[in-house]
Amino acid sequence: MTTEAAPSDIQVIRPSKWRGIFTQETIATSVASFIVAIAVILPLMALVVNSFLVLDDMGFDTEWGLANYSEIFKGRIIRKAFLNTLFISSMCTVLATFFGVSLAWINARTNCPWREKLEPFNLVPFFLSPFVGAIAWHNLASPKVGLLNNWARSLFGIQGHLFNVDNIFGIIWVTGIFFTPLVYLFVIGSLRRMDPSLEDSARTTGAGLWRTTMSVTLPLVTPAILSGAIIVFVTSAGEFGVPFKLGSPYGYETLTTQIFTKAVGDDANHYLGAAMSMILGVITGLFIWIQQRIIAPRAYTTVTGKGFRPNVIDLGRWKWAAFAYNLGYVFVAVALPILCLVIVSLHPVWQGRVIPNDLTSINYQKVLFFWSPNSISAATNGIKNSFILASIGASIAMLLAIVISYMIHRTKGFGSRILDFLCVVPIGFPGIVLAMGVLVTYIKTPIYATLWILLLGYITRFFPYGQRNISSIMLAVSEELDQSSRMAGATWVTTLRRITIPLLKPGIFAGWVLLFVIFLRELSISIILYTAGTETLSVGVYYLSNFENEPLTAALSVAQTVVLLLCVVIFRKVAGKEALTA
Amino acid sequence: MNAETANGSYLEVANLVKYFGDDRAVDGISFGVPQGKFLTLLGPSGCGKTTTLMCIAGLHKPDAGDIRIGSNAVASVSRGEFMPPEKRDIGMVFQSYAIWPHMTVSQNVAYPLEIRKLDRSEIDDRVREAIRLVGLEDMAEKGATQLSGGQQQRAALARAIVSHPCLLLFDEPLSNLDLKLRERMRVELKRIQHEVGITSIYVTHDQAEALVMSDDIIVMSKGRIEQTGGPHAIYARPTNRYVSNFIGIANLLEGRVTRAGGDRGEIEVAQGESRLLAPCLLAEGLAEGDAAVLSVRPENIEAVKSKPSGPAVEGEVVQTVFLGNWLDCRVRWGEFEWKVQAHPREGLRTGDKVYVCLDPDHTLAVRP
C-alpha cells in the first residue's frame, strides 16, 4: 500500500449513537412485529385459558377444571357435532379432491375444447360465499320449496321430491363444490410447471401413456394434491355458513354451529365455546402444520423459470365428455345457484315455483335502499359496514404485509424466523375459532361491540394471505434494488415508497383485492363478533335468512355476489393466472 | 498495515470483523485507500471481499472494528456508532446492476439527485453529463428493461457517479457480462473512474480485472488479507504460496532457504536424489533454514536440450501444447511436473530429455 506521510490530525466527525438504534427501519419493523405478535398470540392464549374455566350451575362464577372438555366428549349433542364435523370434512375433501384434480388435469393436459374459456369460471366459486351457495342450493333442492324438485314434480309427475340438500350430504355437496378450486389451484399450478421432458423421458423408455401418467405424472403432483386436500379439510371443518343453513335447522349440528350457539344466544357459555374452539383449532392447526412443514417442502420444484408447454393428451371423442363434465361443474357451482337466487329474489314470497305475474323488485328496495323507510337495517348496515371493513381492513393488512414481508426477506435473523412462524399460525385456525379467541380477549374492553373488534379479527385471521402474495414477489425482486436506493442516499421510508412498493405494486393490488373479497363475504368471524349496529354483509344475509324470508335473503345474496364477481374481473385484470396459488 | 500508512488514507478500515452465524466472514482486516485511488479486493468467492464492501457501504453492520470515510467515522463497534448507508455519500454499482425496472434510464440516474433535493435544471444538467460520460445518450429515455447487460452496467455506473459521491464501490460489476464486453468495460470503467477522480473500491474474483484496473490490490482469503500491493508487485513478487498460486500460473515446490542476505538468497528443492539449489529473491521475513516455497512462473523458465552453465535439473518432456506464439510444455522431474512456456523455435517434443533452468531474478522463495 502506498505510504504517504500525511498529517494525522484529521477532525473525525462521529455519528450520533441513538440515531443508529432508532432508525426508521427498526422502529417500523419493531412496531409491526409487536402488533402481529399481540394480535396473533393474545387471542390464542385467551382461548387456552378460558377453555379451562368452568362455569358453575348458577352461571355466575367460574373455577379451574377440565369439565368443558369432558362435556364435549360426553355430552350427546356436542359429541355428535364433533363426529359430524369429521365426517363432513372428510367426505367434502374426497369430493373436492376428485373434482379439483380431474378438472385441473382436463384443463392443463388435455385437448378439451374451449378450455381457455372455461378455466376462469372454474375459479369463480373461490371468490363467492359458500353460505350464499348453501342458500341457493336450499332454494334449488330442498324437499318442499326446491325449484328442481318442483320442476321434477311438474315435468315428470314425481311424487315427493327428487333431491334433498337439507342434511349432511347436502352440506358435503355444497362445501365440496365450493372448495373444489382450492385443490384445483394447487394441482393445476403443479401440472403447468412440470417439465414435460420428465414425462417424455418416461415415454422413451417404453412406458405407455397410462403407465407414464401413473408412475411419473401422478407422483410428481401428489404433494400438490395432498396440500390442496388438507386445505379443503381444514377449511370445511371451519366452515360455518353451510352447516348453519343446511344442517342446524334439521338437527345436524357441527362444531362450528355449536360454537356459535355457545358464543351468542340465551345459553351462551364462552368457556365451553372456547373449549370447543380449542378442539377444532388443534385439529386444523395440526393439519396445517403437516401441510406447511412436511408436504409443502416436499413439493417437487419443477420450476425453472422457463415457460413450459406441457404435453397435451388427445382425448379423441372423449374430449366432448371432458368438456361436458367441466361445463357441468361450472353449471352446478356457479350458474345454477346464481340463477336460482335471482329468480327467488324477484318473488315477494317463494313457494318453489316461478310465478311470472308476481315478479317484483321490492326485495331489492328493502335490502339496498337504506334511505327508504321500509328498508331492513341489518341488511343496509351490513352493506355499509362491510365496505368500510373490507376497504380499511385490506389496506391495513396489506401495509402490515409489506412491512412483515420486508422483515422476513430482507432483515434476516432470529426475529424474522419468529415472524415467519407467526404468519402461518392464523392460517391454521378457522375464523370462528380465532373469533372466539378475540371475543374472550376483548369482551371487557371498549372495542367490543364496535367495528374495531371485527377489523382486528379480520386482519389477524387473513393478513397472512396478503403477506404470502407480497412475499412471493419480494423473493423474485433482487435485494440489490433496495440497497442501491439506500446507497443513492434515500432513507428506508423513501426507499420503501419510491422503489420497493412500486416494484411490488401488482402483488400489493392483487393481495388487496383478494382480501377485499374475503372480507366482503366473511361470515364466521363476523357472526361471533357482531352486535346490533355492526352487522356485516354476510351477517345481514344470515339475519334475513333467519328472521325474514327467502326472497329477501336471495336479494341481498345476489347483491353480494354481483360485487364479488366484479372483484373477480378486477382481480384477473391485475393479477396473472398463477397469482392465486395459496 | 500500520498506523502511519492509515493516516494518509481517505478511507480507513481498522480491525474489521463480521460474523455470519458462527462463521467469521471477515476476520479482523485493516487497510486504507489514499484519495482518488482505485483499490481492488481480490479473492475467491467466500473470502470476505463482498462482506467487507458491504460493511463499508453500511449495508452490513460490522461486529468489530472501525471504518472511516474522509473525516466521517461511519462505523465504530467499540463506540456503538453506526451511520446508515444513505448518510455515507457513497456511489455503488451492484453485481446485478440493480437498475430499477419501473423507471427510465434518466429517471434512474436522476434519483440520487432528487433525493438530495437539487433544482430540476441542475438535475437535468448533471444527469445528461453522467449519461454522456458512460455513453448512453441514445438510451436515456428507454425503460430499464429494454437495456442489454452492458447498457444496464453503464446506467448503474452513471447513477453511482451522478451525485459526485466521496467514494465509489463496485461489487463484481463485470461478472455477468460476456468475455468480450468484460474486457472492453474494464478499460472503460478505469477511464471513467480516472476522469471523475473518485476514490474507488472494486471487488472481484477475476485477477485479470484486478491487474488491469487497480492502483492497489488486496488479495484476500478466508476473511484475511494475504498480500497488499500494486498490480505489478502482486504478480511479480507474491510473498506467499497462496498469492503465487491465485495470481497467474506458477510452479510451486516446497523447499528450504539455504542462504539469505538482504532480499536475495538461495532455496533448495529436491525430488528423490536430484536436488536443485536455486538462487532467488526472498520474500520478506524469510531467513536461512526456514521452510519456504519455490515459486517461478512458466514464462521465466527455460527448457534447453544442452546442459547449461547455471543451476539446472534434468527432466523429460511429457506433454506439449502448441499455442501459436509459445509452446506449453510439461517437464517431469521426479514426481514433479514443471510448467514451462517454451519458444516454438526450440522444437521440443514429447520424450525429449531437457534441462530446466531458472532465471534468478524471477525465481522467488515465498512463505508457505
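How many salt bridges does the rule find across the interface of domain 1 of chain A and domain 2 of chain A? The model examined here is predicted, so that local features need pLDDT of at least 70 and side-chain atom pairs count only at pLDDT 80 or more, whereas totals for chains, interfaces and linings use all residues. Residues are numbered from 1 along each chain as its sequence is written, chains are lettered from A and ligands numbered from 1 in the order in which they are written, and side-chain values use heavy atoms, with hydrogens and water left out.

Chain A contains 24 helices and two strands, which are DSSP runs (helices H or I, at least four residues; strands E, at least two) numbered from the N terminus. For its 582 residues a compact globule would have a radius of gyration near 25 Å, and the 26 Å of chain A agrees with this; the radius is taken over C-alpha atoms, and the globule rule is 2.2 Å times the number of residues to the power 0.38.

Chain A is divided into domain 1 (24–43 + 361–582) and domain 2 (66–302 + 319–360), with bounds that come from an automatic or database domain assignment. The C-alpha centres of the two domains lie 23 Å apart, and 47 residues of domain 1 are in contact (heavy atoms within 4.5 Å) with 49 residues of domain 2. Between them the domains bury about 4,100 Å², 72% of it on carbon and sulfur atoms, where buried area is the accessible area (1.4 Å probe) that two parts lose on being put together, summed over both. One salt bridge is found across this interface, the term denoting a side-chain nitrogen of Lys or Arg within 4 Å of a carboxyl oxygen of Asp or Glu. The side chains of A:Glu550 and A:Lys245 meet in a salt bridge (2.8 Å, N to O). Helix H24 of chain A gives the most to the side of domain 1 that touches domain 2, with 14 residues.

Turning to the contact between chains, 34 residues of chain A are in contact with 49 residues of chain B, and the two chains bury about 3,500 Å² between them, 59% of it on carbon and sulfur atoms. Two salt bridges are found across the interface of chain A and chain B, and the side chains of A:Arg486 and B:Glu86 meet in a salt bridge (2.7 Å, N to O). Helix H1 (17–21), helix H20 (479–487) and H21 of chain A are the elements that give two or more residues to the side of chain A that touches chain B.
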